[in-house]
Each structure stands twice: as structure tokens, then as C-alpha cells.
Amino acid sequence: MGMLSLTIVLPLAGALLLAFLPEVGDRSVKQIALVASLAALVASLVLLVQFDVADPNLQQAETWVWIPAIGAQLSLAVDGVSLVLILLTTFLTPLILLASWTSITDRVRGYAAAFLVLEAAVIGVFAATDLLLFYIFFEFTIIPMYLIIGIWGGAGRKYAAVKFFLYTLFGGLLMLVAIIYLYSQTPGGSFAYADIMALELGVTEQRWLFAGFALAFAVKVPLFPVHTWLPDAHTEAPTGGSVFLAGVLLKMGTFGLLRYALPIFPEATIEFAPWLLGLSVVGILYGALVALMQTDIKKLIAYSSVSHMGFVVLGTFALNATATSASVVQMVNHGLSTGALFLLIGFLYERRHTRQISAFGGLAKRVPVMAGLWLLVSLSSLALPGLNGFVGEFPILLGTFQTNRTAAVLASFGVVLAALYLLWAYQRIFHGPLVGADNENTTDLKAREVGILAPILVLIVGIGLYPQPLFDLVEPSVDRVLTEVGVEPLEIEPIAATSEES
């Protein structure tokens, strides 16, 4: 067993241990889950150490015979893009479990096991190089997240869970039809990524198959107009569910576009790119405008995810190295910043049991640590220079400007709107008069809560100040994908070089 498969097996083993362990206390259950998630984090860090940054191809390949009758294999490998997303997954999961340490008191064993299974399935999505295996992991993530929302969510959890289930299942079924067709076209029948990539498909075939894949991934992103499940799911999910949903699960959609839709269907990608750019811009502006109108702080951040993930899709379909590499970096940045915002909202909700912005005011006088950290995370989310959001969104806009100036200019208004809805919400919650006993008695963050946020804050500042290692990790793989699409991976020329030429 290689390190990649071990990264999947460790959280699964933890979930199985919890399932069959004799009756133990909730504290022991939480400790077992935390150890299993930390073990997966260590395994993923070993993967990073073993990874050859300069090699753009899939690495750490592992293959086992699975269903020989149909040629399906348990086949795993990573490139720079999938590796950073695996690292994001294994990084956030232990923090989610720690954040739920005191807030989840009902069916703790099931809650912890569901997150471990979800972690393993998501890592499988990022690592699978057999399309049938990828599809199974992709769809299996629905089950634990459905349970997390439906059992441990808020008052409207049943509606939100069913809506999430139906939307994502329907999109995945269309992708399954496309996968079966691709399988039928390979010599002898194969689901292997390399064999699928070797197919020479006609333009009409590519259009229909691209549509099947793209719709499945657009629902998962989610991209306008198939985004309506997300605000309900975020609002009703427990804090840990919201963090995982925003931090990791949405990235399955943008990862799928980059790994499968673009290189397998290059001609359809180029043909549909302007339409996807248009939908991305609509999503950016729509999500930001609707966020401005929200009275529930959690729903506000949910709509901000629609807007921010629109930037990721925008960079993906700009089809140049600057924007597309930055879109991968922005996946990580969004996971960190929005994950931290949902954690802070969860900590505030535990104290006040309301998410209505109008119920707060002047809290900075009583919770200065929370106010300071909330401001830092909000500034990172609105792409303040020096923080991680800027090094993702600015190159996306810069790269998109090289290929579609109209889309880039319109999308830039999303940055302005983000400042409006995030800072206005911050002002209403933490500034102004301190009115009411509830606000007077609100307590500041505890050392445990600051400790949970601290690793995320370190990365928010670290990536913002020095993003080069992250770009170095993803750029070779992105260049490979763009080459497979047939687009020259142009980068923005340095100013000095331009001056010399002129």
C-alpha cells in the first residue's frame, strides 16, 4: 500500500473503528476521530515531500485489479492540482472535528464517523484515475454530507438535505451516461484516464459529452443558475458541515472541470468557453448582489461562495496559465477564508443562538479578539493585498483580461461588491452602540477556539505574502492541461520585459 492509498484508508479505518467499537464515552470517540484525521494529514504531508514539483504528470501511481470483467481498476495518482486539494482536505478535517468538540453532543459517534468517511471519499475524488472509481467517489460524498445536514443541521435541515441530495445526484447521473459512452469507445472497454485521454472524439460527440460532465461539475461548484441548493445547505448545516462544504466539497466541481472536462473534450472546451465565462460573471455579480440583501450572516457567506467560486470558474475557462493557475490557488484561498468565516459564525452562534445580523451591534467592545480575527478573515475574503485572496483573484482578472476583456471588467465589480457586503456586515455586527443584555454578556473567543483558527490565519497571511510555492506546485500541471486543450499556456509578461521591448 502506497502513501496515497494510505491517505484514503486512514480516515476510513477510523470510521470503521468507531462503527464497531464497544460503547465508549463521547470524549473517546472524538479523540479517535481526531487521531485518524491527523494521521491522514501526516500521510498527505509525506506525499507532498515525495512529490516532484517540476514533473507535470500524474505521480505516486497505484493500481489494483478491481472488476476485471469490465476493465475497472482501483487506480490512484496525483498531480500538483489534486495534491494541493488533498492537502486542503486533510488540513481542514481535524480543525472541523476540534471545532465540533463542544457544540455536537447528540450522536457524536455517527457525526465523527460521517466526517471521516466524507474525508476519505473526497480524497478519492482528487486521487482517482479510473473514471468509474472517480464517479463512485464523487457520488458517495453525497451520503455522509446528506446525513450531516439532515441529522445535525438546523430547523430546516430535512428540506435542505433533500434538495442537496437531488441536485447533486441528478448532475452526477448525466456524467455517468457520458462515462459509459466513453468506456464504449475505448478499445476493449476501459475506464482508465489514460485510455480515455487517447480517444479521438468528433466535435458533436465532444459537445454532448462535455455538457454531461460540465453540468455535473457546475452543480457541485455551484455555478449560476444551478446554485440554489447551496444557500439552504449552508444555512441549515452544522458549523462543521458548512466549513467542509465551502472549504472542500465545492472544489470537486472546479477540479472536475480542470481534470476531465477540459482535456478530454478540448474542442468543446474552446467552443463553450465564452458561455462558461458569461455564466461565471453572472454568478460573481448575482452572488455578490444577493449577499448584500441578506439578514442572516450565514446565508450572506453562502451567497458569497457563489460569487467567489465564480472567480474560480472564470479563471479556469480563461484558458491561459496565469488565470487558470490562479484559479487553483483561489480554490485553496476560498477554502481557508470562507472556512474560517463559517467557524467564526459557528463560535458566535454557540454564544447567541441567532444568526440575524440585526440582533448584534457593538460587539467589538465585548469580544475584541473575535472582532479582530473576523476583520482579518473578511479582508482576506474581499482580496485585500497582502492576504491570500488577492493573490488568487487579481491574477484571475489579469489573465482573463488577456483573453476576454469584457468578462474581466465585469467580474472586477464582484471585488467591489465583496467589500461592500463583507464590511457592511462586519460594521453592523461589531460596531455601533452596544444595546441589549445579550450583546453585553457575549463572551470572547476561548484559547481552544483561537487555536483552531490560528493555523488557517497563518496560511491566510503566509500565502498572501509569499504565494510562489503554491503556484510552483500547480503551474506545471495546469500547463499540461492547457497543452492538451490545444491552447498555448501564455503567461502575463513581466513589466520589465515589456519595457525593454518597447
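**Note on helices, core and backbone details**

1. Helices here are DSSP runs of H or I with at least four residues, strands are runs of E with at least two, and both are numbered from the N terminus. The model is predicted, so local features need pLDDT of at least 70 and side-chain atom pairs count only at pLDDT 80 or more, while totals for chains, interfaces and linings use all residues. Residues are numbered from 1 along each chain as its sequence is written, and side-chain values use heavy atoms, with hydrogens and water left out.

2. Helix α15 covers residues 321-352, which is 32 residues. From its first C-alpha to its last it reaches 46 Å, close to the 46 Å expected at 1.5 Å a residue (the expected span is 1.5 Å times one less than the number of residues). Of its 32 residues, 30 are buried. Buried means under 20% relative accessible area, exposed means over 50%, and partly exposed lies in between, with a 1.4 Å probe and protein chains only.

3. The N-terminal end of α15 is capped by N320, with a side-chain oxygen 3.2 Å from the backbone nitrogen of T322. A polar contact is a pair of N or O atoms within 3.5 Å; within protein, one must be able to donate a hydrogen and the other to accept it, and residues adjacent in sequence count only if both atoms are side-chain atoms.

4. Helix α2 (residues 26-50) has 25 residues and spans 37 Å between its first and last C-alpha, close to the expected 36 Å. Its buried residues include V29, A33, L34, A40 and L47. What do the buried residues of α2 pack against? They pack against α1 (3-20), β1 (59-67), α3 (80-99) and α4; contact means heavy atoms within 4.5 Å.

5. The largest nonpolar core has 175 residues, and L182, F213, L314 and W374 have the most contacts inside it. Helix α4 (residues 108-127) gives the largest share of this core, 16 residues. A nonpolar core is a set of buried Ala, Val, Leu, Ile, Met, Phe, Trp, Tyr and Cys residues joined through side-chain atoms within 4.5 Å. In soluble globular proteins, nonpolar side chains tend to be buried together.

6. F213 deserves a separate look. Leaving aside neighbours within four places in sequence, F213 is in contact with L131, M175, A178, I179, L182, Y260 and F265. F213 also belongs to one aromatic cluster with F134, F138, Y193, F217, Y260 and F265.

7. The structure holds 20 aromatic pairs. Rings of Phe, Tyr and Trp (its six-membered ring) pair if their centres lie within 6.5 Å; planes under 30 degrees apart count as stacked, over 60 as edge-to-face and the rest as tilted. The rings of F210 and F317 have centres 6.4 Å apart and planes at 85°, so this pair is edge-to-face. F210 lies in helix α9 (residues 203-220) and F317 in helix α14 (residues 297-318), so the pair ties together parts 107 residues apart in sequence. Both F210 and F317 are buried.

8. Two arginines sit over rings. R259 lies over the face of Y193, 5.8 Å from the ring centre. The charged end of R428 is over the ring of W424, 3.7 Å from its centre. The test is that NZ of Lys or CZ of Arg is within 6 Å of the ring centre and within 35 degrees of the ring normal.

9. Where are P222 and P225? P222 lies in the loop between α9 and α10 (229-236), and P225 is found in the loop between α9 and α10. A cis peptide bond joins V221 and P222, with omega about -10°. Another cis peptide bond joins F224 and P225, with omega about 10°.

10. R107, in the loop between α3 and α4, has a positive phi near 50°. R107 is exposed, with a relative accessible area of 54%. A383, in the loop between α16 and α17 (388-403), has a positive phi near 70°. Is A383 buried or exposed? A383 is buried, at 10% relative accessible area.

11. S381 lies in helix α16 (residues 368-381) and is buried, with a relative accessible area of 5%.

12. L459 lies in helix α20 (residues 447-465) and counts as partly exposed at 32% relative accessibility. The C-alpha atoms of L459 and S337 are 9.6 Å apart, although 122 residues separate them along the chain. Beyond residues up to four places away in sequence, L459 touches F91, L336 and G464.
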